[in-house]
Amino acid sequence: MAEHISCQEVIELVTDYLERALPSEEASLFEQHINFCDGCEWYLDQMRATVAAVGRIEEEEVPPETRDKLLTAFRHWKRT
Amino acid sequence: MTEIGVQNSAAGAEDVELVARLRAGDEKAFEALVTRHYATMLAVARTYVKTRAVAEEVVQEAWLGLLQSLDRFQGRSSLKTWILAILVNKAKTRAVGEARTVPFASLAREADEPAVEPERFRGPHDAFPGHWRSYPANWGASAEVAAEDHETLRVTMRAIAELPPAQQTVIRMRDVEGYSSDEVCAALDVSAANQRVLLHRARSRVRAALEAHLDG
């Protein structure tokens with residue numbers, strides 16, 4: 001295991017880190033790097049902000065014909 | 001319907017109330033539920049069948065199936081887990097005979113794609129190979145504010161819509177709908193490692209789109 005990892009390596013480990021899927025040794029190297037590298041700390045923040053933004057997107061429209069069909073089915077179901 | 005249930009969290013109070021409203025014939029509640037899950041259901045169905053048209057039929061069949069079995073819903077799993085299980089059942093039934101087009105086959109190629117362009121890092125002959133040439137911006141608190149901004153959300157939605165199907169499905173399930181990684185792996189027949197690769201590529205591309213928008 002290398003004694004340190006580069007920024008280019010760090011950015012590819014971000015998701016595994018956030019998913020807590022990194023082996024403990026690699027997780028330590030990752031955290032050591034983040035602690036002294038502002039660029040990667042900001043990058044990690046950007047990825048967290050991205051996840052937050054994705055969580056806030058609005059729902060897409062359901063095609064009208066599909067919606068009508070399902071609502072009709074729902075009304076029938078209600079009566080039975 | 002429990003084959004998906006890797007680690008089902010039980011239905012919460014919200015689910016119980018929603019199901020009661022559906023049983024009482026609340027059309028608005030049904031419509032809201034369909035709207036909330038439609039895009040993700042379509043994305044999941046598309047990983048099993050060939051065309052968008054067939055995927056739409058599968059999603060419709062799933063909703064009809066849900067209505068038929070709604071009276072049997074006992075809240076042992078969350079409503080969204082239950083909806084997903086019905087959908088995957090319908091999709092698998094439909095996929096029989098219609099050879100699955102496994103968009104995950106393109107995984108290896110997608111996996112080679114770097115999260116950030118290599119040009120942004122110092123080269124092998126530099127004193128600090130692999131380090132940033134110039135740092136990415138510190139979004140800081142502005143990212144929180146920007147995420148509330150309509151234009152930022154539009155950029156985010158467009159970036160997601162432009163992702164390859166497998167990546168789009170995974171980021172929707174995980175980050176939009178809040179399914180667990182176990183649920184995603186079970187629903188898509190994908191390994192935990194491959195699920196993370198898809199999630200990483202998807203988040204990285206959306207981040208790049210946001211960066212172009214916010215720093216542009």
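Reader: How many residue pairs are in polar contact between chain A and chain B, and what makes a pair count?

Author: In this predicted model, 16 residue pairs, both at pLDDT 80 or more, are in polar contact between chain A and chain B. A polar contact is a pair of N or O atoms within 3.5 Å, where within protein one must be able to donate a hydrogen and the other to accept it, and residues adjacent in sequence count only if both atoms are side-chain atoms. Local features need pLDDT of at least 70 and side-chain atom pairs count only at pLDDT 80 or more, whereas totals for chains, interfaces and linings use all residues; side-chain values use heavy atoms, with hydrogens and water left out.

Reader: Why is the pair Arg196(B) and Asp16(A) called a salt bridge?

Author: A salt bridge is a side-chain nitrogen of Lys or Arg within 4 Å of a carboxyl oxygen of Asp or Glu. The closest N and O atoms of Arg196(B) and Asp16(A) are 2.9 Å apart, so the pair meets that definition, and the count between chain A and chain B is five salt bridges.

Reader: Which helices of chain A supply at least two residues each of the side that touches chain B?

Author: They are helix H1 (7-18), helix H3 (38-54) and helix H4 (64-79), where helices are DSSP runs (H or I, at least four residues) numbered from the N terminus. H3(A) gives the most to that side, with 12 residues.

Reader: What is the area buried between chain A and chain B, and what makes area count as buried?

Author: Buried area is the accessible area (1.4 Å probe) that two parts lose on being put together, summed over both; for chain A and chain B this comes to about 4800 Å², of which carbon and sulfur atoms give 64%. In chain A, Gln46(A), Phe74(A) and Trp77(A) lose the most area to chain B, together 14% of what that side buries.

Technical notes. Residues are numbered from 1 along each chain as its sequence is written. Chains are lettered from A and ligands numbered from 1 in the order in which they are written.
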